[in-house]
Amino acid sequence: MITIESLSKKYGGRTVVDSISFTARAGRVTGFLGPNGAGKSTSMRMMVGLTRPTSGTATIHGRRFADLPNPGREVGVMLDASAQHAGRTGREILTLAQQLMGLESYRVTETLAMVGLTETESDRRIGGYSLGMRQRLGIAVALIGRPSVLILDEPANGLDPAGIRWMRDLLRGYADDGGTVLLSSHLLHEIEVIAEDIVMIGKGRIVAQGSKAELLRAGKTIVRGRDMPALERALTASGLATSYDQDALSVEAEPGVVGLVAREYELALTELRAADGGLEDLFLQLTADTQREGKAA
Amino acid sequence: MTTTTLTPVREQQRTLVADQIPTWRVTRVELRKMFDTRSGFWLMASIVIAALLSTVATILFAPDADLTYYTFAKAIGFPMTVILPIIAVLSITGEWSQRSGLTTFTLVPHRNRVILAKVIASVTVGIVAMVVALTIGVVGNVIGSAIAGVDQVWDVSFVHALDIMLGSLLCLLTGTMLGLLFRSSPVALVAYFVYALLVPTMSGLLATSQQGYQDLQPWVDLNYAQSFLFEGTLSGAQSAHLAVAVTIWLVLPALIALRLVRTSEVK
């Protein structure tokens, strides 16, 4: 379990992380979502003690990272897969981690196989690795100590679709076995397919957090029926705000309420579902604020 | 795609080792890191190569009368004062320049322990390098004297040999300190040459032109104070000079550097 309490980081007068608090629970994948420059990496660096927080605390299983006797065996960390000496081979980098953590040497071969790096690939210097291969090696360094907590910054970066699928299955399995997984991404879709809990951050502040199901429920409903004008009249008569979303109606209510109205007026529905996109709208708004295209539009 | 099997976490937690990583283990890994890249390997190899070249050059070019062990020791000692600091600098700055510190300082979240391990590793390399170099000098002196047909002269006492070693280790530690201070390979290397070449030259010029500075020089010119370690055994006054110069140029900046390293961000 990772517990973040009022964590802040200021550089001079600039606040990069502004009093964020959240919990990444065991047995769940928590997605840390935000546009580039939102403060995700700074927050993660503070969690593992690479950056000193201006205020607030971050704890892993109730202990500060620096108080963990052998952190690699409790927390698997990957902040930047490219941050390795280009002249070392993949196997060597993993061997250094294995020796530092005091693990059995067979773990190196075992973990390389687990992340899908072949013998030939792992004996090459990482200067010649593709981003995807570095990402796999980074995951290997994180996993080799059999940690119960994973902190991964943009782990899907540079992976091909099959690699992303592999990563998703790996993290899913990890959480199902009772592990805590915190991963960051600037892509909503990536987080949506992997994470159960989402923490959304923008300009250093948490703008939304909760389970994916909660956040995706925008409180709006998309409804379609055989007689659309009648449906619209019925909903308006029931005091619900409606608007046309292409050829369907978007209603400011839960699907259950809309269903009751339809039954009352004896109208046949062809589609009734919760509108997704609440999260997407919020995310786009966040992204637009930090991107030039957004301002120009 | 490979299928992945994970040990269930419940089992993992049973096998979890709560012991702190001992410093010797960090040191062993740091030593390994000094050899496991091509550049690192050749840097280490250059110690032996430089010692061999200096020995051969001494045999070839030194006048017969000068074919004493001291000549060999001095000829071999000079390249060591260049190579050892480079090794020490890169051992520190690589963590920042190559960004591997992101992993190192996460696996051992106590920077002073990592730095201590690096210092032990560098000093170990320095001592072994000097023993190897001085041994190559012994062989050189035997062969050189035989070729020239002169008697072997062993004019370096054990204490003097230790002094030469100490002098080289001070150069190495200066490299460590500059690495910590600047945490960038090019800057720290340039700084070392400023330290080792430019400052002594300027200090020498100042000493010849300014009468007042001449008396001060032995106390504040590290290179000057250190040079007596290579010349022979130190007098009491020379030891005092060295201690003061080392404090000013090595110990104090090292304390500042350690503070900077502890608070700096690893990105």
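Tutor: Helices and strands here are DSSP runs, a helix having at least four residues and a strand at least two, and they are numbered from the N terminus. The model is a predicted one. With that convention, helix 2 (90-101) of chain A, helix 2 (23-35) of chain B and helix 5 of chain B each supply at least two residues of the lining of the second largest cavity. The space in this cavity comes to about 120 Å³. Its lining consists of 14 residues, and those closest to its centre are A:Leu96, A:Ala97, B:Lys33, B:Thr103 and B:Thr104. Helix 2 of chain A gives the most to this lining, with 4 residues. Sorted by class, the lining has 7 nonpolar, 4 polar and 3 charged residues.

The classes in the lining of the largest cavity are 12 nonpolar, 6 polar and 1 charged residues.

Turning to the contact between the chains, 49 residues of chain A are in contact with 46 residues of chain B. The area buried between them is about 4200 Å², of which carbon and sulfur atoms give 57%. Between chain A and chain B there are 4 salt bridges; in a salt bridge between the chains, the side chains of B:Arg99 and A:Asp80 meet at 2.8 Å, N to O. There are also 15 residue pairs in polar contact between the two chains, both residues being at pLDDT 80 or more. On the side of chain A that touches chain B, the elements giving two or more residues are helix 2, helix 3 (106-114), helix 5 and helix 6 (161-176) of chain A. Helix 2 of chain A gives the most to that side, with 7 residues, and helix 2 of chain A likewise gives the most to the lining of the second largest cavity. By class, the side of chain A that touches chain B has 23 nonpolar, 15 polar and 11 charged residues.

Terms used: Residues are numbered from 1 along each chain as its sequence is written. Chains are lettered from A and ligands numbered from 1 in the order in which they are written. This is a predicted model: local features need pLDDT of at least 70, side-chain atom pairs count only at pLDDT 80 or more; totals for chains, interfaces and linings use all residues. Side-chain values use heavy atoms; hydrogens and water are left out. Ala, Val, Leu, Ile, Met, Phe, Trp, Tyr, Cys and Pro count as nonpolar, Asp, Glu, Lys and Arg as charged, and the others, Gly among them, as polar. On a 1 Å grid over the protein atoms alone, a cavity is a set of points where a 1.4 Å probe fits but cannot get out, and a pocket is an open set with protein on both sides within 12 Å along at least five of seven lines; lining residues have an atom within 4 Å of a point. Grid points are joined across faces, edges and corners, and a volume is the space filled by probe spheres set on the points. Contact means heavy atoms within 4.5 Å. Buried area is the accessible area (1.4 Å probe) that two parts lose on being put together, summed over both. A polar contact is a pair of N or O atoms within 3.5 Å; within protein, one must be able to donate a hydrogen and the other to accept it, and residues adjacent in sequence count only if both atoms are side-chain atoms.
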